[in-house]
Amino acid sequence: MTATKILTRNFERADSHTLAAYRETGGYAAWQKAETLEPAAITEEVKQSNLRGLGGAGFPTGTKWSFIPKHHAGPVYLVINADEGEPGTFKDRYLLERDPHALIEGMLIAARAIRSATGFVYIRGEYIEPWRRFSAAVKEAYDAGYLGRGFDVVVHRGAGAYICGEETGLISSLEGKKGWPKLKPPFPAIKGAFGAPTIVNNVETICCVPHILTRGAAWFAALGTKTQGGTRMYSVSGRVRRPGVYEASVAITLRALIDDLAGGVTGNGRLKAVVPGGSSAAILRADEIDVTMDVDGLRNAGTMAGSAGVIVMDETVSIPEALMVVARFYAHESCGQCTPCRESTGWIYKMVRRIVEGRGRKDDLDTILDVARRGAGTTICAFYDGAVGPYVSYIEKFRAEFEALIPR
Amino acid sequence: MTAPTVAFSEAQLAEVRRLQGLYPDGRAALLPALHLAQETFGHISLEVEEYVARLFDLTPAHVHEVVTFYTLFFREPKGRHVVAVCHNLSCHLAGAPEIVAHVRRRLGVDVGETTDDGRVTLQSVECLCACEHAPMMQVDDRYELDLTPEKVDRILEGLR
Amino acid sequence: MPKLTINGQAVDVPAGTNLIEAARKIGVEVPHYCYHPALSIAGQCRLCMVDVEKTPRPTIACNTLAADGMAVWTETDRVKETRKSIMEFHLINHPLDCPVCDQAGECGLQIYYMKHGLYDPRMRDEKVHKPKAVPLGAHVILDAERCILCSRCVRFCDEVTGTGELGIFSRGDESEIGLFPGKELANKYSGNVVDICPVGALTDRDFRFAVRVWYLDSATSICPGCARGCNIEVHVNRRRPHHNDGRRVARLKPRFNADVNRWWICDDGRYGFAFVDDTSRLVIPRWSRDGALGDATWEEAIAAVAGALQRFAPDEIGVVASPKMANEDLWALRRILESRGIRRVAFRVPPRTPGDEDTLLIRRDKNPNSLGAELLGLEGDGAAILAAARARQVKCLWVFGHDLLASAWPVTETDAALRALELLIFTGPSANATSERAHFTLPAAAWVEREGTYTNFEGRVQRFRQAVQPLGQALPEWDILGRVLRALGVEAGATRAERWFRELASGVPAFTGLTYQSIGDGGAALSAPPGGGAAGSHLVSGHPPMGPGSRSPLP
């Protein structure tokens, strides 16, 4: 399967981030068209396209937009989640740096659909260059009159916290607080940022919107599977010959992605395991990669599409060590709000580290599995469930490798 | 109350007010204002927290919650440069532990410490989302990619 | 009114009621730590999980509103299993050294572990260490390792006092509550964070390690610290008299009353009980004979006082009653005044420094029963009585509790008035500069040593109960005054506080219909609003408020 370039079509151009380059390649035509459409018609088109959120949760985008109360009198906010932080994911960095106007145009269209006059773009604090590039593009868009006429964009920098990629944690952070996720209900579409109805969408998700408008929902839907339209940008890293961002249909198989697009496995050349959707996705064994990369395909395989961050491990990689690195991440990034997550991410990291350091106890593996499963689904947000994915899958699928490290 | 020894310039105060005006609730400008404070004062001392709290009509405890939550706010003086080596999975697979060890040896400091001459603060951090170029690190506002010990040496030498 | 079922039992609740409160209404307890009815919903502790029909997994009850037709189950197998798991999460990093923890015996973790946990502990790694024994302010001390991060204290300071001193700092398992470095928890309600802390993280500096809570006995009472009349419990140490440095009263705790103080009391009230066990207490009747002060028996003292009241002409006698006296005391006093025709009476003595006040609980008037004294007709001009004493028109002055020399009245004038007196009688629980000058001192029981009622500033009559025996020979004022009355030859059948109250209720229109039973533990509003024309007529005015009154009850 060859790569289909829609979102990344301009990436090779050195000036792809400029308004001139964007316009040259048909930029802002979708917005022109959207201006002639009723908001409900835009939402319907996006629904028909089967676009699903590309930040991690995979929720149908048009459906999300339709949750905004129809006759709401006060402000409605559009918030862009550019707090890319899922380990193994780097696609939004490319979009912000190389095609910022696609995001702005997508925001204009989305804002019209949900009747929002203000958009906030929350960019992770470490992303300095992406923030500069995007801010420059926003200025261009103001100067050219795309922004400032019924829709304003505020660019907001985060300050270092993975949890702010969770949509309500992001809202808390945007409001000037710690990034503690909020209780649901109320859901953001009813009561989100600053207490107003709010839609939070990922960068890549919104970048798809102009293409749906110009080329039609049917075209977009046909690019993917029955339940998910379009292409998406896969971030491929780890032990592959050509790590990088690859755009392909959501129907591509994991095997094709690794072998055809990323050039195959390095290390000893033999695949051991793959994380298919960012570190929160359950790991797949080498014999489990003949799956399509769409939301439902990976869900059926017992994992998730997540942010499409693919981390490849060859046979020389120590899975226990990999889990230790991942467990350290979740312990470090737990926001501390809910007891199960706050207390057990640190404990599980301690146990995995002990195992890797040769001080494991016989019952550690069962304890980790049991604690993780008991905590799953008990917290305010999905962060802990995201940690449970690796805890359980790494141990279940590579148990012998862990046991070999535990002294008899 | 003792007279504050930290204070923004008039222009910076105007900028804080502008930032506050961008949001439906001025508190939302707290993170941007703290970024500005860190650029201005070098790090976010308790005194800075209290100063910013007054600008936002918040209690110092509320600002302290925010400052201690985010990793990019330095509560102690930092070096003139900050070297943050990614240690998450993709970088780990590409040799991040060796890179961290190499930087520690070269700088003579442990993770979290600053060189005696105040030149560099070393950090080991979670995923910076440039995994295609692992191992990588952030040096101040730049991403340094595809690191090797030799490349790290060249980068460190350039830090004055 | 949503109508739902909880464990199969139907219940109607007002719209907006969450499932914890809905369950409480039918006597079903949903265990929880972070939820508190006075505070915003945090949903952090994750313990209050219940099963709601048609939802895929247990959900937190605190953030789920009762809805029509909802079927809730609080004791399904998976709910119980989830609770057990959550208990383990709470205890992963919690020190398991209950025997040395001051919260032991009233700890939410201990109680729920026994009820809902009972798993085999398997955390054998080093626990996270945090600061211990950190004083947060004058009254509260923090053990951050014992904290379960429920955020109740933080929300209390944000939402109830609005002072925002506390925060949760850092993140993950390093999260800890605390103050901004260098600041203090110095708001006037700081002790409440100890009450709402479900574990041993925040303890009371005054109380901690003084006595184990299982040795405490409790009596319901009313705080005498101001005109609000906050409902409290008095916790006393009777069973281990060698503990608590021999002090009988161990601590005061707020008692919920929706109409008065909700869940709270102020620190001044909470820690205002020290006088009860102080060496300054008056414990033996004393009298001056032949220029020397000596102990007297109650019989001698009562006879002497009654003799003085008869020896002096009514107009030569002044009485400064106290708004710290109970309604029963004041009624007994009024009987004496009426029987002797004494008209020079007052009860207000202005404090030298005006009291503080706020919009939450604290009242400027630091007396619990000013309205009661007013309704019983004891209003008068205290300064005029002292002026009359200086003019030697008043020769005998009976002071209840007050230290007139510490009042806002000029000390030289008060001093001159006291000097001019032929006889100064003092009745009160504690010695002060005025009692030092008295010829007779009659020791009164402190409020925790007796029962009675106060009328708060809103016209709510509230009962306080006896928690400990009176110190030494001290007696309740109603008892002292009743004895004086009988010594004066007046029929005075009441020998219990309740009997005095019954007499009072039939004599003062505002109190019509009130009984100890109807007042109960929650208090009862006066049958006539305070401040209106219905208030008891003034004794001095010559219209004794004894006649039957037709008073409309409060709405």
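Me: Let's begin with a sheet in chain A: what is the order of its five strands?

Reply: The model here is predicted, and in it the order is β6-β5-β9-β7-β8 of chain A. The sheet is open, with mixed pairing. At its edges are β6 and β8 (284–285) of chain A, each of which pairs on one side only.

Me: In which sense do β7 and β9 of chain A pair?

Reply: Strand β7 (residues 271–275) of chain A and β9(A) are antiparallel, and four bridges link them. You can look for one spot in β9(A): A:Ile311 is the residue opposite A:Val275.

Me: Which strands of chain A does helix α11 lie across?

Reply: Helix α11 (residues 254–261) of chain A lies across β5, β6, β7 and β9 of chain A. Relative to β6(A), helix α11 runs at about 130 degrees.

Me: Now to another strand: why is β4 of chain A described as largely enclosed?

Reply: Burial is counted from neighbours: a residue is buried if 20 or more other C-beta atoms lie within 10 Å of its own. In strand β4 (residues 198–202) of chain A, five of the five residues are buried, so the strand is largely enclosed by the rest of the structure. Check both faces: A:Thr198, A:Val200 and A:Asn202 are buried on one side, and A:Ile199 and A:Asn201 are buried on the other.

Me: Do β1 and β4 of chain A run parallel or antiparallel, and how many bridges join them?

Reply: Strand β1 (residues 77–82) of chain A runs parallel to β4(A), and five bridges join the two.

Me: How should I read two helices packed together?

Reply: Two packed helices are described by the angle between their axes and the distance between the axes. For a case in chain B, take helix α3 (residues 46–56) and helix α4 (residues 60–69): their axes come within 8 Å and cross at roughly 115 degrees. The crossing of α3(B) with α4(B) is right-handed.

Me: Which residues of α3(B) and α4(B) meet?

Reply: From α3(B) come B:Glu49, B:Glu50, B:Val52 and B:Ala53, and they meet B:Pro60, B:His62, B:Val63, B:His64 and B:Val67 in α4(B). Sorted by class, this contact has five nonpolar, two polar and two charged residues.

Me: Where are the domains of chain B?

Reply: The domain assignment gives domain 1 (10–69) and domain 2 (81–157) in chain B. Taken over C-alpha atoms, the centres of these two domains of chain B are 29 Å apart.

Me: How many helices and strands does chain C have?

Reply: Chain C has 15 helices and 23 strands. Of its 555 residues, 52% count as buried. The C-alpha trace of chain C spans about 85 × 50 × 35 Å along its principal axes.

Terms used
Residues are numbered from 1 along each chain as its sequence is written. Chains are lettered from A and ligands numbered from 1 in the order in which they are written. This is a predicted model: local features need pLDDT of at least 70, side-chain atom pairs count only at pLDDT 80 or more; totals for chains, interfaces and linings use all residues. A residue is buried if 20 or more other C-beta atoms lie within 10 Å of its own, exposed if 12 or fewer, and partly exposed in between; C-beta atoms are placed from the backbone. Two strands pair if DSSP finds at least two bridges between them. Two residues are in contact if their C-beta atoms, placed from the backbone, lie within 7 Å. Axes are lines fitted to C-alpha atoms, for helices over the stretch in contact, and angles run from 0 to 180 degrees between N-to-C directions. A crossing is left-handed if the near helix is turned anticlockwise from the far one by less than a right angle, and right-handed if clockwise. Ala, Val, Leu, Ile, Met, Phe, Trp, Tyr, Cys and Pro count as nonpolar, Asp, Glu, Lys and Arg as charged, and the others, Gly among them, as polar. Domain bounds come from an automatic or database domain assignment.
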